[in-house]
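Me: I have a new structure to look at and would like to understand it step by step. Could you help me read it?

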Amino acid sequence: IFSIQADEQMQEGVLAGRGVMFYRLLEAVPYQGIGDKIKLPPSCFTELSDQGAFDKGPMYFQLSVIHQEDSSDMNVTDEENHRTTHSGVLEFTADEGSVSLPPHVWHNLFPEETPKTPLIEVRYVWLPKGTYAKLQPERVGFSDLPNHKAILETSLRQHATLSQGDILTVNYGELAHALRVLELKPSSSVSVLETDIEVDIIGSDSASERTDQHVLNPLVFGKSESGVVDEGNYMYYKFSIDNDIWGIIALGDSRVEVKIEAETDGGDTDLFISRHPLIFPTRHQHEWSSHDIGSKTLILSSKDKNLGAGTYSVGVFGFKGTTKYKISVSVQDDYKRKVGQQSASTSSPMEMDTVECRNCKHYIPSRTIALHEAFCSRHNVVCQHAACGIVLRVEEAKNHVHCNKCGQAFQQGEMEKHMKVFHEPLQCPCGIVLEKEQMVQHQASVCPLRLVTCRFCGDMVPAGNSALDVRDRLRGLSEHESLCGSRTAPCDSCGRSVMLKDMDIHQVAVHQKS
C-alpha cells in the first residue's frame with residue numbers, strides 16, 4: 001500500500017513539475033528581502049540543473065508547512081497545519097538543509113507563532129500565467145491612494161507568483177496596506193511574470209477599525225464633521241475641488257475656508273493641508289498650516305499658485321491634550337465684503353482738515369486734536385518694537401510680546417506654542433537639523449528621503465540622489481526614475497519596444513508627434 005502511495009505521489013510530482021521531480025524538506029530561516037523569491041542551498045541547483053529545469057523558463061516552487069507532532073500547541077487547526085504558498089527563486093546561496101524566506105513568504109506560511117524548528121516542504125511546480133485576480137484590502141484607506149492600481153502594479157513586479165488566500169503587502173511611503181488574495185484565474189496559484197492580469201479590488205469590510213489607521217474621512221462642502229484627536233496623533237480628512245467650484249474660485253470672488261471649531265477643554269490642535277499626491281500631511285510636510293490656539297481657519301484663494309482643481313487632504317494634529325472639535329470646509333463669497341469695503345472708503349485723511357496724533361500717529365480732526373491727544377497719551381501706548389508700531393490700550397500692552405528670534409507679535413499665552421512649533425530644532429531622517437520653516441522647505445524640495453511620484457510607475461518613492469546617468473540628470477530624473485524608466489514598453493504607434501524614459505523622444509523623432 002505504501003509503495004503504491006509513493007508511486008502515486010511521484011507521478012503527481014512529475015506531472016506538477018512537467019517532467020521535473022524536485023522535493024525537499026528544509027528548515028525555514030527569514031531574510032530581509034522584497035517580493036516572494038526564496039534562497040535555496042547549492043545542492044538544489046545541481047539537482048534542478050540535472051533535470052533540465054533551467055531550460056523550462058522561470059522556476060516556481062510550492063511551499064508547505066510541515067506540522068511537527070511534538071508541537072506544544074495542540075489547538076492548531078488543519079488549515080494552519082497545511083498552510084501553503086508559492087514562490088520564485090532568487091539564488092542558491094542558502095546553507096545546506098535550510099531555505100531562506102523573505103518577509104512576504106514567511107508571514108504567509110507563519111502568520112501567527114513560529115514553531116521552534118520551522119520545517120517546510122519545497123516542491124518544484126509549473127504555474128500558469130495569471131489572467132485575473134480579486135483582492136480585498138484588510139483595512140480601509142487603500143483606495144484613497146492616488147493611482148492605487150499603478151502602485152499595486154509596481155508592487156507585483158517584485159513577485160513571481162500569487163496564491164489564493166495569501167496576504168500581499170503594498171507599501172506607499174511609510175504606510176503598508178495588506179491585501180488578501182480572494183480569487184485567481186485560471187487556477188488558485190498563478191505566475192505573475194510577463195503577463196497582463198485583470199485586477200478587481202473590492203472594498204474592505206473592516207470599517208469598524210478606522211480609528212487606528214491612516215484613513216481619509218470625506219468632507220462635504222458646507223457640512224461639519226465632529227472628531228476627537230489625542231496629543232501626538234493625527235486625524236485625516238479629504239475634500240475635492242471640481243472644475244465647477246474651481247471656476248468660481250478662479251474668478252477671485254470666492255475662497256475656500258477650512259475651519260476647526262475646538263472645545264475649550266485644555267487641548268489644542270494644529271491644522272495642515274496638502275494637495276494630492278501628498279495624501280497625509282504632517283508637521284514637516286504640508287502646503288498650508290495654521291497653529292492658532294483654539295479654533296482656527298485656513299483660507300485658500302485663487303492667489304495661491306498651488307490651488308486648483310483636485311483632491312486635498314486635511315490633517316488635524318493633536319498638539320496638546322485631547323481635543324474635541326468640529327471641522328468643515330466651505331466656499332465663501334467675497335463679493336459683499338468687497339463692496340462694503342469700497343463704499344466705506346470715501347476720502348483720504350489728507351483731504352480733510354486733520355492733524356496727526358503725536359502718540360498713536362492717527363489723523364484726527366484739528367478741532368478735537370487737543371482732547372484726543374490728552375486722552376490718547378493716558379490710555380494708549382505704541383509698541384516700540386521695530387516695524388510694529390501697533391497702538392495698544394495700556395492694560396493690553398503687558399500681554400503684547402514679540403518673538404526674539406523672528407520678531408513676530410503674539411499674545412503672551414501664544415508665545416510658548418510659537419517657540420515650540422517654529423523654533424525648536426528638528427532632525428530630519430536624513431540627518432540634517434533645522435527649524436520648522438526650513439524643515440518644510442527641505443523636505444519638500446531637497447531631502448533625498450522625500451517621497452516623490454515616479455513619472456513611470458506612479459508609485460511614491462524616495463527621491464534619492466541624482467541619477468547616475470548624465471543624460472538622465474539633465475532630464476531631471478531621480479535615482480529611482482532613472483532605473484524605473486529603463487523598462488521597455490511597446491510604442492502605441494509602431495509596436496517597437498522602447499525604454500519608458502525614451503518614449504517621448506521616440507514619438508518626436510520617429511513619428512513626428514509633439
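Reply: Let's begin with a term: a nonpolar core is a set of buried Ala, Val, Leu, Ile, Met, Phe, Trp, Tyr and Cys residues joined through side-chain atoms within 4.5 Å. Buried means under 20% relative accessible area, exposed over 50%, and partly exposed in between (1.4 Å probe, protein chains only). This is a predicted model, where local features need pLDDT of at least 70, side-chain atom pairs count only at pLDDT 80 or more, and totals for chains, interfaces and linings use all residues. Residues are numbered from 1 along each chain as its sequence is written, and side-chain values use heavy atoms, leaving out hydrogens and water.

Me: Which residues touch the most other members of the largest nonpolar core?

Reply: In soluble globular proteins, nonpolar side chains tend to be buried together. The largest nonpolar core here has 24 residues. Those touching the most other members are L40, F61 and L101.

Me: Is E194 buried or exposed?

Reply: Most residues other than glycine have a negative phi. E194 is not a glycine, yet its phi is positive, about 50°. Its relative accessibility is 76%, so E194 counts as exposed.

Me: What is the omega of the cis peptide bond that joins K185 and P186?

Reply: Most peptide bonds are trans. The bond between K185 and P186 is cis instead, with an omega of about 10°.
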